[in-house]
Amino acid sequence: MLLLFLVAVLASAAQRGAVDALIVDGLQVGFYGQTCPEAEGAIRDIVNNEIAMDRGIAPGLIRLFFHDCFITGCDASILLDESPAGDVPEKESSANGFTLVGLNTIDTAKSTLEAMCPSTVSCADILAFAARDAAVAAGLPSYDVAAGRRDGVRSNMDDLPGNFPVPGHHVPRLTELFNQRGLSQEDLVLLSGAHSIGSAHCFMFSNRIYGFSEQADVDPSLDPEYAARLRQMCPPRKPDDDPQQAPKVKFDAQTGEKLDNAYYSELLAKRGLLTSDNALIEDPETRAMVETFARDDALWQQKFAQAMQRVSMLDVLIGEGKGQVRKQCRLVNKQEQQQQPQLPWFRQHQRPQFPWSRQRRPRLPFPHHPVADTINGFFRGFH
């Protein structure tokens with residue numbers, strides 16, 4: 001009911017041409033109106049400038065936002081280069097690693113805001129604003145982002161396996177994971193529409209175009225002409241191939257740089273790139289949603305924005321004593337490193353103690369092997 005109320009009020013405010021300060025579960029639209037009134041405008045300008053130079057920044061920022069929020073909540077934990085506990089951070093997981101795009105954009109926004117309003121705007125809020133601005137730059141109507149998040153002090157790559165959607169999942173497992181985070185099956189279908197922009201490395205779907213089964217070399221659920229084009233763009237994988245050098249293919253061959261409902265039309269035409277994309281038309285419930293959004297771009301855009309608002313509220317840290325406002329998004333503030341970290345939702349029932357003085361875990365490099373990438377994350381959008 002609270003979310004529905006938020007959407008109704010925001011829609012009403014948009015019609016009036018202005019938005020008053022609104023508080024939702026502790027987050028507030030216009031949160032920096034007094035402390036850093038130019039914050040949202042500065043972030044928007046930086047995002048627009050970066051996207052003008054590299055269109056891949058737009059899907060990268062949306063994916064970065066989703067990957068941050070889905071595990072420990074929207075706490076900017078994905079941005080940390082290191083963890084005070086000595087854990088290997090989220091960004092070094094094979095679900096992230098070299099595939100993360102937009103980190104430098106967030107760094108630029110943070111350094112700009114620190115010069116304007118020191119120790120005021122959190123990295124978590126910057127990421128939420130930047131994801132919205134990236135979506136708008138890609139063609140989505142603007143929507144409001146409530147702010148007031150604080151930044152977490154914990155990041156652990158071990159939190160991802162088993163708790164995060166991956167490209168090989170089918171609808172039952174995807175729905176289960178979304179439901180665990182308070183998101184619906186419709187949210188799953190809506191947010192999958194982010195694949196209207198961005199691209200995926202060939203190794204993420206090579207199992208569908210080479211050696212699919214004993215009976216068929218190519219996944220029979222793929223359009224034959226589309227499969228033939230994919231095989232032209234993606235040669236058979238070799239054991240010593242470097243994943244970072246793998247070719248990339250746009251998710252949406254129609255309007256690959258515009259965030260619209262063409263993704264759903266592509267799915268119905270049997271041109272979904274990943275297994276998790278194609279799964280949406282194989283399940284009768286999600287297929288009905290795909291058909292609805294394929295017919296009505298305005299409806300999908302409105303609902304996609306609302307889904308992004310719901311994601312932005314996942315397990316946020318609010319108020320003094322919760323997290324911090326980092327001075328650099330890649331590092332925890334030194335004077336606050338000793339506080340008890342916020343555990344992710346799936347570990348809150350077993351709150352282990354983290355001895356800050358223990359020996360630091362060795363930082364493992366991202367494994368340059370295609371097999372490691374079978375657990376890559378849900379939004380595979382990058383240029």
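What follows is a set of questions and answers on this model.

Mentor: Ground rules before you start: this is a predicted model, where local features need pLDDT of at least 70, side-chain atom pairs count only at pLDDT 80 or more, and totals for chains, interfaces and linings use all residues. Residues are numbered from 1 along each chain as its sequence is written, and side-chain values use heavy atoms, with hydrogens and water left out.

Trainee: How many helices and strands does the protein chain have?

Mentor: Helices (H or I, at least four residues) and strands (E, at least two) are DSSP runs, numbered from the N terminus. Going by those runs, the protein chain has four strands, and its helices number 13.

Trainee: What percentage of the residues in the protein chain is buried?

Mentor: Take buried as under 20% relative accessible area, exposed as over 50%, and partly exposed as in between (1.4 Å probe, protein chains only). Of the 383 residues in the protein chain, the buried share is 55%.

Trainee: And what share of the contacts with a separation of 6 or more comes from residues 24 or more positions apart?

Mentor: A contact here means heavy atoms within 4.5 Å. Among contacts in the protein chain with a separation of 6 or more, residues 24 or more positions apart account for 76%.

Trainee: On to charges. How many salt bridges are there?

Mentor: Side chains of opposite charge can pair when their charged atoms come close. The rule used is a side-chain nitrogen of Lys or Arg within 4 Å of a carboxyl oxygen of Asp or Glu. Counted that way, the salt bridges come to 18.

Trainee: Which residue pairs with R132 in a salt bridge, and where does that partner sit?

Mentor: The N to O distance in this salt bridge is 2.8 Å, and the partner is E40. R132 is in helix α5 (residues 123–137), so look 92 residues away in the chain for the other end.

Trainee: What about E186 and K303: how many residues apart in sequence are the parts they tie together?

Mentor: Their side chains form a salt bridge at 3.6 Å, N to O. E186 is partly exposed at 28% relative accessibility, and K303 is partly exposed at 23%. E186 belongs to helix α7 (residues 185–192) and K303 to helix α13 (residues 297–311), so the parts tied together are separated in sequence by 117 residues.

Trainee: Let's look at helix α12. Which helices do its buried residues pack against?

Mentor: Helix α12 covers residues 284–295, and its buried residues are T286, V290, F293 and A294. Seen down the axis, they fall within an arc of 105° (taken from the directions from the helix axis to the C-beta atoms), so they line one face of the helix. On the other side, P284, E285 and R295 are exposed. The buried residues pack against α6, α7, α10 (262–268), α11 (275–282) and α13.

Trainee: Which residue caps the N-terminal end of α12?

Mentor: Look for a side-chain oxygen 2.9 Å from the backbone nitrogen of E285. That oxygen belongs to D283.

Trainee: S119 isn't a glycine, so what is its phi?

Mentor: Most residues other than glycine have a negative phi, and most peptide bonds are trans. S119 is in the loop between α4 (103–116) and α5, and is partly exposed with a relative accessible area of 40%. Its phi is positive, near 55°.

Trainee: Last one: where is D315, which also has a positive phi?

Mentor: D315 has a phi of about 45° although it is not a glycine. It is partly exposed, with a relative accessible area of 34%. You'll find D315 in the segment after α13.

Note on methods:
The expected span of a helix is 1.5 Å times one less than its number of residues. A polar contact is a pair of N or O atoms within 3.5 Å; within protein, one must be able to donate a hydrogen and the other to accept it, and residues adjacent in sequence count only if both atoms are side-chain atoms.
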